[in-house]
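Hi everyone, thanks for making time this morning.

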Amino acid sequence: MIVFLAILRDLGPYVWFIVGALFLIAEVMLPGVNLIWFGVAASATGLVDLAVPLGWELQMVCFLAISAISVVAARMITMRSISTGTEEVNRGPSSMIGRELALADPIVNGTGRALFADSTWRVAGADQPAGTRVRVVGIDASTLVVEPVER
């Protein structure tokens with residue numbers, strides 16, 4: 001153990017680069033995105049220690065501070081992207097409100113079918129011939145409520 005500590009002491013700031021590399025290797029091998037920030041913090045601590053030699057206490061404070069800052073920053077960025085992403089996922093037909101579709105079948109007696117991507121959807125609205133461009137203005141169960149697009 002004493003030999004190991006002596007080796008670490010002799011490596012000086014390069015120990016932080018080794019620790020950073022170990023965190024990055026563990027990040028690749030383990031699920032999640034957590035250890036990369038500690039690897040970045042260890043590498044940054046090594047750079048700081050190369051530029052300004054620090055005692056081991058200040059090195060630990062530097063590592064902990066950079067780790068905390070990087071984890072909090074990553075968390076804030078991740079939460080922002082997750083909240084944006086969840087607004088677009090699993091909204092079902094309500095995500096179609098405002099879209100323009102072409103009628104595949106005419107709307108007769110208030111119901112017809114409109115083409116969207118590779119499928120047709122049941123639509124409700126004023127009677128219109130097939131091919132008419134309509135805009136989705138609402139959802140009634142699984143039926144799209146549409147109105148003709150005025151040009």
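What volume does the second largest pocket have? It comes out at about 150 Å³. Before going on, please keep in mind that this is a predicted model.

Let's stay with that pocket for a moment. Its lining has 10 residues, and those closest to the centre are Val33, Asn34, Val71, Ala74 and Arg75. Two helices, α3 (35-51) and α4, each supply at least two residues of this lining. The largest share comes from α4, with 6 residues. Sorted by class, you get 7 nonpolar, 2 polar and 1 charged residues around the second largest pocket.

Now for the largest pocket, which has a volume of about 200 Å³. If you want to colour its lining, select Gly12, Pro13, Val15, Trp16, Val19, Asp49, Leu54, Trp56, Gln59 and Met60. Here α2 (14-29) and α4 (56-88) are elements that each supply at least two lining residues. The class count for the largest pocket reads 7 nonpolar, 2 polar and 1 charged.

Next, the aromatic rings. How many aromatic pairs does a search of the whole structure find? The search gives 4. One of them joins Phe23 and Phe38, with 5.9 Å from centre to centre and 35° between the planes, and this pair is tilted. Phe23 sits in helix α2 and Phe38 in helix α3, 15 residues apart, so the pair links distant parts of the chain. Phe23 counts as partly exposed because its relative accessibility is 23%. Phe38, at a relative accessible area of 27%, is partly exposed too.

Phe23 has another partner. Why is the pair of Phe23 and Phe63 called stacked? The ring centres lie 6.5 Å apart and the planes meet at 20°, so the pair counts as stacked. This one also links distant parts of the chain, with Phe23 in helix α2 and Phe63 in helix α4, 40 residues apart. Is Phe63 buried or exposed? Phe63 is buried, because its relative accessible area is 11%, and the cut-off for buried is under 20%. Put together, Trp16, Phe23, Phe38 and Phe63 form one aromatic cluster.

Which residues make up the largest nonpolar core? There are 10: Met96, Leu101, Leu103, Ile107, Ala114, Val123, Val134, Val136, Leu144 and Val146. β1 (100-108), β4 and β5 (143-148) are the elements that give two or more residues to this core, and β1 has the largest share, with 3 residues. As a general background, nonpolar side chains tend to be buried together in soluble globular proteins.

Leaving aside neighbours within four places in sequence, Leu103 is in contact with Arg113, Ala114, Val123, Gln128, Pro129, Ala130, Gly131, Thr132 and Val134.

Gln128 counts as buried because its relative accessibility is 18%, with the limit set at under 20%. Not counting residues up to four places away in sequence, Gln128 touches Leu103, Pro106, Ile107 and Pro148. Of these, Leu103 and Ile107 are members of the largest nonpolar core.

That's my tour, so over to you for questions!

Note on methods: Residues are numbered from 1 along each chain as its sequence is written. This is a predicted model: local features need pLDDT of at least 70, side-chain atom pairs count only at pLDDT 80 or more; totals for chains, interfaces and linings use all residues. Side-chain values use heavy atoms; hydrogens and water are left out. On a 1 Å grid over the protein atoms alone, a cavity is a set of points where a 1.4 Å probe fits but cannot get out, and a pocket is an open set with protein on both sides within 12 Å along at least five of seven lines; lining residues have an atom within 4 Å of a point. Grid points are joined across faces, edges and corners, and a volume is the space filled by probe spheres set on the points. Helices (H or I, at least four residues) and strands (E, at least two) are DSSP runs, numbered from the N terminus. Ala, Val, Leu, Ile, Met, Phe, Trp, Tyr, Cys and Pro count as nonpolar, Asp, Glu, Lys and Arg as charged, and the others, Gly among them, as polar. Rings of Phe, Tyr and Trp (its six-membered ring) pair if their centres lie within 6.5 Å; planes under 30 degrees apart count as stacked, over 60 as edge-to-face and the rest as tilted. Buried means under 20% relative accessible area, exposed over 50%, partly exposed in between (1.4 Å probe, protein chains only). Contact means heavy atoms within 4.5 Å. A nonpolar core is a set of buried Ala, Val, Leu, Ile, Met, Phe, Trp, Tyr and Cys residues joined through side-chain atoms within 4.5 Å.
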